[in-house]
Amino acid sequence: MRWRRNRAPKAPASLRRSFVTPEGVDLRLELASAGTRASAFILDILILFISLILGTILLGLLGIAQARAEIFLILWLVGAFMLRNGWFILFEMGGRGATPGKRLLGLRVVARDGGRLTGGAVIARNALREIEVFLPLSFLGMQASQGAADGFLTLFALCWTGIFLFFPLFNRDRLRVGDLLAGTWVVNNVRAKLGADLVAARAEQPRRIFSDAALDLYGIYELQTLENVLRGGQDDAIVTVAATIRRKAGLPDDGDDYGFLSDYYAALCARLERAMLVGRRREDKHATTGRR
C-alpha cells in the first residue's frame, strides 16, 4: 500500500525551486517570502536585545560600570558582537539549519546546490550581515551618542542599511547579498506530522530489521535529507528514495514505501546515536568511521 496524505497549500509557483538530493530526488522546496524572513530576523533581534539587557544588568551588578566606564563599554561592545554573530552562526550550523526566530516561523537555511550546508557558507552569509546592517547602525549609534552624527552621516548609514535590507525584494529567489555569496536559500521547513491514530497504528506493527551493511549506506547528512523527504510527504520522493535504498541494500519491495523509510530512519538514528556515544561519527556516506 502506497502512503498518501492531504498536503498543505503550495506556495506560489514563483517561490518553488528544485532541490535535488544526492539520491537524485527533487524535493521542490518552497522559498521563504521576504516578509517571513524579515519577521524571523525581528524575532531573533528581540531575543538578542533582551539578552543584552540582561547582560548589561549583570555587568552593573558586578560593579564594573561604576568602577571603570571605559572597561564597561568595551566589554559591552565585545559581548554584543560575539552574541549576535555566535547566535546566527552557531544555530545555523546546527542540524536544523535555523535560528530560534527561523524555527518559530518554520524556516531553515539550505545550500542551493543540494549539498550539505557547510560551516564556511554559514559564516560567509552571516559575516555579510555585519556589513549590511550591524556595523553601519552601530557606528551611527556611537556617533549619535557623542553628538557627532550630522545629517549626512545619518542619511548615508540609513540608506546603506536600507539598500541591503530591501535587496531580497528585487530578486526572484528573495536572496540577501550574504545568500548570493554563500550559495544558500532560506526555505519553508514543511513538517508533515502524522496523526495520533496513525502513530498508534504504526507503533503496533513490527518494525523492520536492517543489517549493519544496509545502515552503513547513510551518514548524518543523508539522515537529515531522509528526514526532509519524510516530513515533506511527496509521494514521488518517498517512492524514489525507498527504491534507491532497497536497490543498494539488496532488500525486497514490500509495497509500503513510507513504512519502510520510517523504519529505516528510526534504525539509522539509533545506530548513529550509539556510534556518537562511543566517539564515532560519520558526516556522510562517503566518510569512514573513526575516532574523534
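**Getting to know this model**

Buried residues, meaning those under 20% relative accessible area with a 1.4 Å probe and protein chains only, make up 38% of the 292 residues in the protein.

Student: Where does this model come from?
Tutor: This is a predicted model: local features need pLDDT of at least 70, side-chain atom pairs count only at pLDDT 80 or more, and totals for chains, interfaces and linings use all residues. Residues are numbered from 1 along each chain as its sequence is written, and side-chain values use heavy atoms, leaving out hydrogens and water.

Student: How many helices and strands does the protein have?
Tutor: There are 12 helices and four strands. Helices are DSSP runs of H or I with at least four residues, strands are runs of E with at least two, and numbering starts at the N terminus.

Student: Which residues have the most contacts inside the largest nonpolar core?
Tutor: They are Phe210, Ile245, Leu261 and Tyr264, in a core of 20 residues. Helix 12 (257-277) gives the most to this core, with seven residues. Such a core is a set of buried Ala, Val, Leu, Ile, Met, Phe, Trp, Tyr and Cys residues joined through side-chain atoms within 4.5 Å.

Student: And what does Ile245 touch?
Tutor: Leaving aside residues up to four places away in sequence, Ile245 touches Leu217, Tyr218, Phe260, Leu261 and Tyr264. Contact here is heavy atoms within 4.5 Å.

Student: New topic: how many salt bridges are there?
Tutor: The whole structure has 13 salt bridges, each a side-chain nitrogen of Lys or Arg within 4 Å of a carboxyl oxygen of Asp or Glu. One of them pairs Arg37 with Asp179, with the closest N and O atoms 2.8 Å apart. That pair links distant parts of the chain, with Arg37 in helix 1 and Asp179 in helix 7, 142 residues apart.

Student: Is Asp179 buried or exposed?
Tutor: Asp179 is buried, at a relative accessible area of 0%. Arg37 also counts as buried, at 12%.

Student: What does Arg246 pair with?
Tutor: Arg246 meets Asp254 at 3.2 Å, N to O, and Asp257 at 2.8 Å. Asp254 counts as partly exposed at 44%, that is, between the buried limit of 20% and the exposed limit of 50%.

Student: Which residues make the nonpolar surface patch?
Tutor: Phe49, Ile50, Ile53, Leu54, Ile57 and Leu61 make a patch of about 640 Å². Leu54 is in helix 1 (residues 34-61) and is exposed at 55%. Patch residues have over 30% relative accessible area and no salt bridge; like charges are joined within 9 Å, nonpolar side chains (Val, Leu, Ile, Met, Phe, Trp, Tyr) within 5 Å. Areas come from the Shrake-Rupley method with a 1.4 Å probe, and for residues only the protein chains shown count as cover.
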